[in-house]
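Hi,

Here is the structure I promised to pass on.

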Amino acid sequence: MSSYPKRAAFLASVVSKEEAAEALKVQVDVIDVKNPAEGALGAALPETITEIRGVVPKAIPVSAAIGDMPYLPGTAALAAVGAACAGADMVKIGLYGAKTSDEALNLLCSVANALKMYFPTSLLVAGAYADAQIFGGINFLDVPALAAKAGAAGCLLDTFDKSFGHNLLEIASMEAIGDFVSACREWGLFSALAGSLKLEDVPLLLPLRPDYLGFRGALCEGGRSGKLSSRKVLEISSLIAGESSACCHS
Ligand SMILES: O=C[C@H](O)COP(=O)(O)O
């Protein structure tokens, strides 16, 4: 998979193979496996990842979250290997428990080294939180440099608090989000933006030229714990495709 898709790629988070099949009725670039019941970057069971990989065409990457990770490098490395073994092409780790840059780097290096050893084709994605100050986590703008030093392929900017009104654009300024995307590019990483994104956020974020836009809540009836609807997937997919060709093909 190229680190820099020509247009912003559309990542849809699903919880089951049934939801993956529903999302695949529409054009989706990445199927992401997540367990919203375990948090913002909640991990699914390995068999769920395998079942989903089984219904997703090989040409479409499957990513999997391994949790809002405490500062436990061994646990994180083992979880990443588990996700890759279960079929994840991309492994996303939420930098929740790392309170300093050194801890974040150590955590990311443990995971990157484990993936390199056991699943060298699996890509590591470092998950930063725009609202990290609420749990004393590291500033999201520090994450791209750390991710690059550790050997990650990309960086995700998400939100930890998924309650109503805590959307990425309400938490971080457009300038800061743009700085995050630019830092990823400068460090040779792909960038992904998420965080209770809504339909109306798409035309605001695409001019920043992120490589991926990720959604869960906006794709579901009744929020991120609800059921994914192919109608909602189609709305977002069409908007990304249309807006990308209008503004991002310079
Ligand atoms: O990786 C993307 C996330 O699943 C986004 O979830 P959300 O839209 O509910 O914040």
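A quick word on naming before anything else: helices (H or I, at least four residues) and strands (E, at least two) are DSSP runs, numbered from the N terminus. Please keep in mind that this is a predicted model, where local features need pLDDT of at least 70 and side-chain atom pairs count only at pLDDT 80 or more, while totals for chains, interfaces and linings use all residues. Residues are numbered from 1 along each chain as its sequence is written, and side-chain values use heavy atoms, with hydrogens and water left out.

Cavities first. I mean a set of points, on a 1 Å grid over the protein atoms alone, where a 1.4 Å probe fits but cannot get out; lining residues have an atom within 4 Å of a point. Grid points are joined across faces, edges and corners, and a volume is the space filled by probe spheres set on the points. Searching the whole structure gives 2 cavities of 30 Å³ or more.

Around it sit L11, S63, M90, K92, V125, L156, F190, A192 and Y212. Strand 4 (90-95) and strand 7 (190-193) are the elements that give two or more residues here. This lining comes out as 7 nonpolar, 1 polar and 1 charged.

Strand 7 deserves a look of its own. F190 and A192 point one way from the strand and S191 and L193 the other, yet all are buried (under 20% relative accessible area; exposed is over 50%, partly exposed in between, with a 1.4 Å probe and protein chains only). Strands pair if DSSP finds at least two bridges between them. Strand 7 pairs in the parallel sense with strand 6 over 4 bridges, and F190 is the bridge partner of G154. Strand 7 also runs parallel to strand 8, over 2 bridges, where L193 is partnered by L213.

Now helix 3 (residues 73-86). Its 14 residues reach 20 Å from first C-alpha to last, close to the 20 Å expected at 1.5 Å a residue (the expected span is 1.5 Å times one less than the number of residues). Its buried residues are P73, A76, A77, A80, V81, A83, A84 and A86. Their cover includes helix 2 (46-55), strand 3 (62-69), strand 4 and helix 4 (101-118). G87 follows the helix, with a positive phi near 125°.

Lastly, two loop residues to check by eye. S196, in the loop between strand 7 and helix 8 (202-205), has a positive phi of about 50° although it is not a glycine. R209, in the loop between helix 8 and strand 8, is another non-glycine with positive phi, near 60°. R209 counts as partly exposed because its relative accessible area is 35%.

Cheers

Conventions. 1 Å grid on protein atoms, 1.4 Å probe; cavity = no way out; pocket = protein on both sides within 12 Å on 5 of 7 lines; lining within 4 Å. Nonpolar A, V, L, I, M, F, W, Y, C, P; charged D, E, K, R; others polar. Contact = heavy atoms within 4.5 Å.
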